[in-house]
Amino acid sequence: MTSQPLILLVEDEAGIRRFVRSALEAEGYRVHESEQCARGLTDAASRRPELVLLDLGLPDADGMVFLREFRAWSQAPVIVLSARKEEAAKVSALDLGADDYLTKPFGVAELLARVRAALRRRKTGEQGSVVRFGDVVLDMGKRSVDRGGAAVHLTLMEYRLLELLARHAGALLTHRRLLQELWGPNALDNEHYVRVYMGRLRHKLEEQPARPRHLLTESGAGYRLVP
């Protein structure tokens, strides 16, 4: 029998640890707790969690330190849980490799939805190359896109943007990361590139392009594909 995913919770507030652990264990997840950045890095290396929930305000070091060092050797999803509401903090964490950012206080339903999305992304990356959303089927192995059973023609850049979002389905990708990976470091000031191509994808793939259900904008931060 396959064991349930192990989630590493790096959080110094005991009350939040109890709340999060209770919610996760009720869904069948295994949970290990770390109260400090250094301890969390050691536990991550030894236990190899499928997902990390990370607070930024840790007593021995900023959570950004954990994120930077963890990303040097692991691609496991990281969801930041933080009281920092500033857009700059959110974007910095995402640029360092966080998959998502949840602002405290948060509810159980939202936490579990973010966890499921992050774990789906990991599973898709490891096990398959087909992503479905709405009536769209993206087969990354065949480099094909179908909608309602009919082939959809995408330009090379439209396809590359869709594929990048699909490989990180459920995760929030910043403008900076999308520009870096698709257009290179010289295009980091050209956020309109992404807006233009997202608009084209929505017109080709969304039922109501003006009210998208799957290719979503997170104001001031970036974009997310929700299967």
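Reading the model

A: The model is predicted.

Q: Is Lys104 buried or exposed?

A: Burial is read from relative accessible area, and a residue under 20% is called buried. Lys104 has a relative accessibility of 10%, so it counts as buried.

Q: Which side chains form polar contacts with the side chain of Lys104?

A: A polar contact is read as a pair of N or O atoms within 3.5 Å. The side chain of Lys104 is joined to that of Glu11 by a polar contact of 2.9 Å, and to that of Asp55 by one of 3.2 Å. Apart from neighbours within four places in sequence, the residues in contact with Lys104 include Glu13, Ile16, Leu81 and Lys85.

Q: What kind of peptide bond joins Lys104 and Pro105?

A: The angle to read is omega. Between Lys104 and Pro105 omega is about -5°, and the peptide bond is cis. Pro105, too, is placed in the loop between S5 and H5.

Q: Which residues have a positive phi although they are not glycines?

A: Phi is another backbone angle to read. Arg48 has a positive phi of about 50° and is not a glycine; the residue is found in the loop between H2 and strand S3 (51-55). Arg143 is likewise not a glycine, and its phi is positive at about 55°. The loop that holds Arg143 runs between strand S7 (136-139) and strand S8 (144-147).

Q: How exposed are Arg48 and Arg143?

A: The cut-off for "exposed" is over 50% relative accessible area, with "partly exposed" between that and the buried range. Arg48 has 54% relative accessibility and therefore counts as exposed. Arg143 has a relative accessible area of 48%, so it is partly exposed.

Q: How are the strands of a sheet held together, and in what order do they stand here?

A: Strands of a sheet pair through backbone hydrogen bonds, in either a parallel or an antiparallel manner. In this structure an open sheet of three strands has the order S10-S12-S11, and the pairing is antiparallel. Strand S10 (172-174) and S11 stand at the edges with a single partner strand each, so one side of each has no neighbour in the sheet. From one strand to the next, the twist averages 30°.

Q: How many bridges join the paired strands?

A: Three bridges join S10 to strand S12 (residues 222-225), and four join S11 to S12.

Q: What do S11 and S12 form, and how many residues lie between them?

A: S11 and S12 form a hairpin, with three residues between them. In the turn, Gly220 has a positive phi of about 80°.

Q: Where is Leu215, and is it buried or exposed?

A: Leu215 is found in strand S11 (residues 215-218). Its relative accessible area is 0%, so Leu215 is buried. Beyond neighbours within four places in sequence, Leu215 is in contact with residues including Leu162, Leu165, Met198 and Leu225.

Q: Which helices lie against the sheet?

A: Helix H6 (residues 156-167) lies across S10, S11 and S12, and runs at about 70° to S12. Helix H7 (residues 175-183) packs on the sheet and touches S10 and S12, with its direction at about 70° to that of S10.

Q: How do H6 and H7 cross?

A: A crossing is read from the distance and angle between the two axes. Those of H6 and H7 come within 11 Å and cross at roughly 130°; the two helices are therefore oblique to each other. Their crossing is right-handed. The contact involves residues including Met157 and Leu161 of H6 and Leu178 and Trp183 of H7.

Q: What is the arrangement of H2 and H3?

A: The axes of helix H2 (residues 37-47) and helix H3 (residues 63-70) come within 9 Å and cross at roughly 25°. This makes H2 roughly parallel to H3, and the crossing is right-handed. Cys37, Gly40, Leu41 and Ala44 in H2 meet Val65, Phe66, Glu69 and Phe70 in H3.

Terms used:
Residues numbered from 1 in each chain as written. Heavy atoms only, no water. Buried < 20%, exposed > 50% of the residue type's maximum accessible area, 1.4 Å probe, protein only. Polar contact = N/O pair within 3.5 Å; in protein donor to acceptor, adjacent residues only side chain to side chain. Contact = heavy atoms within 4.5 Å. Pairing = 2+ DSSP bridges. Axes fitted to C-alpha atoms, helices over the stretch in contact; angles between N-to-C directions. Parallel < 35°, antiparallel > 145°, perpendicular 65-115°, else oblique. Left-handed = near helix turned anticlockwise from the far one by under 90°.
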